[in-house]
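Here is a short briefing to read alongside the model.

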Amino acid sequence: MDKNLIQRTLSGLIYVAVIILCTTPLGAQLVNSISPDLVKQQYLFYGLITILLAVGSWECVKIMKFGNGYEKWVVFPLIGFIFYIFSKRYFHHDFFFDFRLSEILALLLILIAAVTLFKYPNELYFDSGKLIFTVIYVALPFCFALGLPKYSTYENTFTLEVLFLFILIWSSDTFAYLVGKFFGKHKMAPKISPKKTWEGYIGGVVLTLIFSFFIEKYQQDLRGNWMVVGFLVAAFAPLGDLVESQLKRNFAVKDSGNIIPGHGGVLDRLDSFLICAPVVYLYFILEKFI
């Protein structure tokens, strides 16, 4: 068997296992079976997001090739400060999904960053542009991801919104790839991602909606309507892939990193999550007003 295939399979299984253990009560149950009351699930999830943010930020800085100006030294403290603000909200249960202007503006900044990448890429050749883009593209999505699950320290509960978000993203990517491979004829964005096809995109939407139906039917404790969440994921997950592909294309980089052998870096694996997490967060805000 191809050694690269074995390596890719093993690292992929480890990646999926880490996501499952850190986004479900299984992680805390496993740790506490070794040493009782050692950790609560919300801390495992927070640790996962913190590590992904740190590695993703480092990868983005490497991709964009910062110069030796002050921006290179400001980017990490700035990301840390923003993450600290959201961390306080996370541990104080302050994600109420109210219509806060500051949150809406922050979410709009992610859209503006994506538009800038495609329409005004020359702005990202300046270190100031690189600084702003890195903070918006990497830091804000992970910060908003902290608000997706609900947990109770007293009742020892942790809800599974993030796990099922990952499952829907994986289903969208997998089925889009398979349908595109066997039936794809019409390229979606040949200059950015030559393998993406409209047939694959439609296949990803259909199969993701099927998964969403069963999540909505059998997971009543989750926020929102998961048929809607599934549609949003199927619609925006490919955009996340295109954004990261365009970023690497602009700076002539093949992979964001090699932390996951055979799969690339954190940004390679979480490109769809970086777009879908804030989109789903925005939906949870709007859902309260519908």
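Which residues make a nonpolar surface patch of about 780 Å²? In this predicted model, the patch is made by Leu-101, Leu-105, Leu-108, Leu-109, Leu-111, Ile-112, Val-115 and Tyr-120.

- Tyr-120 sits in the loop between helix 5 (101-119) and helix 6 (127-145).
- With a relative accessible area of 53%, Tyr-120 counts as exposed, because the cut-off for that class is over 50%.

**Helix 7**
- Helix 7 covers residues 161-183, and at 1.5 Å a residue its 23 residues should span 33 Å.
- The buried residues of helix 7 are Glu-161, Val-162, Leu-163, Phe-164, Leu-165, Phe-166, Leu-168, Ile-169, Ser-171, Ser-172 and Gly-180.

**Cysteines**
- With a disulfide taken as a pair of cysteine sulfur atoms within 2.5 Å, the count comes to 0.
- Cys-22 is in no disulfide, and its nearest cysteine sulfur, that of Cys-143, is 18 Å away.
- Cys-22 is buried, with a relative accessible area of 13%.
- For Cys-143, the closest cysteine sulfur is in Cys-60, and the 14 Å between the two sulfurs is too far for a bond.
- Cys-143 has 0% relative accessibility, so it counts as buried.

Key:
Residues are numbered from 1 along each chain as its sequence is written. This is a predicted model: local features need pLDDT of at least 70, side-chain atom pairs count only at pLDDT 80 or more; totals for chains, interfaces and linings use all residues. Side-chain values use heavy atoms; hydrogens and water are left out. Patches are made of residues with over 30% relative accessible area and no salt bridge: like charges are joined within 9 Å, nonpolar side chains (Val, Leu, Ile, Met, Phe, Trp, Tyr) within 5 Å. Accessible areas come from the Shrake-Rupley method with a 1.4 Å probe; for residues, only the protein chains shown count as cover. A salt bridge is a side-chain nitrogen of Lys or Arg within 4 Å of a carboxyl oxygen of Asp or Glu. Helices (H or I, at least four residues) and strands (E, at least two) are DSSP runs, numbered from the N terminus. Buried means under 20% relative accessible area, exposed over 50%, partly exposed in between (1.4 Å probe, protein chains only). The expected span of a helix is 1.5 Å times one less than its number of residues.
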